[in-house]
Amino acid sequence: MVPSAIADLVTAARRITVLTGAGMSAESGVPTFRDAQTGWWARYDPMQLATPEAFDEDPDLVWAWYLRRLQLVRGAQPHSGHHALSSWAVLRPLSIVTQNVDDLHERAGSTVLAHLHGSLAEFRCASCGGTPQRLPELPDEVPERVAPPFCTDCGGRIRPGVVWFGEALPQQPFADAEQAVTDADLVLVVGTSGLVQPAAGLPLRARAAGVPTVELNPTDTALSDYVQHRWRTTAAEGLPRLLELLG
Ligand code: OAD
């Protein structure tokens with residue numbers, strides 16, 4: 001059952017913005033970062049894999065890890081929650097702002113307004129920023145280390161097109177996200193721990209602008225005390241229930 005206060009907000013809202021995090025993809029089989037045992041950061045040290053310094057120090061290790069994640073995502077399928085959001089957008093204006101670097105929203109038929117942390121399927125030169133004309137081919141079994149290709153323009157190393165710790169977010173997507181959360185009638189915060197800034201500040205921006213905020217997450221998060229309503233559910237369970245309310 002959808003909690004009644006949340007049901008009322010959803011049925012009344014015309015424009016909805018949904019901020020998604022790794023929990024959105026969990027039921028598709030893509031690990032989150034911080035869930036105990038299953039999360040990436042329970043098994044790996046983010047400082048060795050997700051910083052510019054880590055890439056400088058051991059590019060083959062970092063490159064191989066991102067290729068493995070890309071391969072994992074390519075084998076995953078969007079779930080009922082992703083599909084609910086794409087159906088929702090047919091009925092009412094809905095903007096998706098995601099921290100996720102996968103393409104599961106798009107493969108469910110959604111247009112994503114902002115990929116705040118980049119994309120696993122994009123690459124660029126770490127030196128000149130140029131994008132390679134051909135994407136690197138993925139070996140069937142990605143080993144522990146794979147040397148990244150070199151840029152054909154400047155000879156620099158090709159790197160994943162994601163945002164690493166210590167790097168700025170892409171400006172336009174973040175500006176679009178800020179506008180989408182403050183212009184909405186309702187912001188849904190789905191599957192994020194709310195621990196990584198500046199994305200975690202977006203629900204607070206919404207709230208400061210007087211926009212109601214609702215968290216969908218199986219557990220408490222750093223944002224739980226700051227959103228107006230919390231629903232302890234999962235993305236695949238909760239989002240289809242919300243869509244049903246729209247008749
Ligand atoms: P986290 O791994 O920090 O948090 C995942 C959240 O999803 C947790 O609050 C879980 O309770 C929740 N969750 C788990 N299963 C769920 C489900 N089935 N349905 C709904 N929620 C579920 O992931 P993010 O908050 O996305 O950044 O992490 C933010 C950023 O930290 C990531 O984008 C990544 C990471 O380091 C970069 O790589 C720059």
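View A. A polar side-chain atom of Thr219 lies 3.0 Å from an oxygen atom of the ligand, a polar contact being a pair of N or O atoms within 3.5 Å. In the side chain of Asn217, an N or O atom is 2.7 Å from a ligand oxygen atom. Phe33 takes part through its backbone, with an N or O atom 2.7 Å from an oxygen atom of the ligand. The ligand taken alone exposes 800 Å², and the protein buries 93% of that (Shrake-Rupley accessible areas, 1.4 Å probe). The model is predicted: local features need pLDDT of at least 70 and side-chain atom pairs pLDDT 80 or more, whereas totals for chains, interfaces and linings use all residues. Residues are numbered from 1 along each chain as its sequence is written, and side-chain values use heavy atoms, without hydrogens and water.

**View B. The shell around the ligand.** The ligand is surrounded by 24 residues, the closest being Phe33, Arg34, Thr192, Ser193 and Asn217 (near: a heavy atom within 4 Å). The shell has 9 nonpolar, 12 polar and 3 charged residues; Ala, Val, Leu, Ile, Met, Phe, Trp, Tyr, Cys and Pro count as nonpolar, Asp, Glu, Lys and Arg as charged, and the others, Gly among them, as polar.

**View C. The largest pocket.** The ligand sits in the largest pocket (more than half of its atoms lie within 2 Å of the pocket's grid points). A pocket is an open set of points on a 1 Å grid over the protein atoms alone, where a 1.4 Å probe fits, with protein on both sides within 12 Å along at least five of seven lines; lining residues have an atom within 4 Å of a point. The lining has 50 residues, and Gly21, Ala22, Thr32, Phe33 and Arg34 lie nearest the pocket centre. By class, 26 lining residues are nonpolar, 17 polar and 7 charged. Helices H2 (23–26), H3 (40–43) and H6 (59–74) each supply at least two lining residues (helices are DSSP runs of H or I, at least four residues; strands are runs of E, at least two). H6 gives the most, with 4 residues.

**View D. Backbone at Gln37 and Pro198.** Gln37, in the loop between H2 and H3, has a positive phi near 70°. Gln197 and Pro198 are joined by a cis peptide bond with omega about 5°. Pro198 is found in the loop between strand S6 (186–190) and helix H10 (202–208).

Methods:
Polar contact = N/O pair within 3.5 Å; in protein donor to acceptor, adjacent residues only side chain to side chain.
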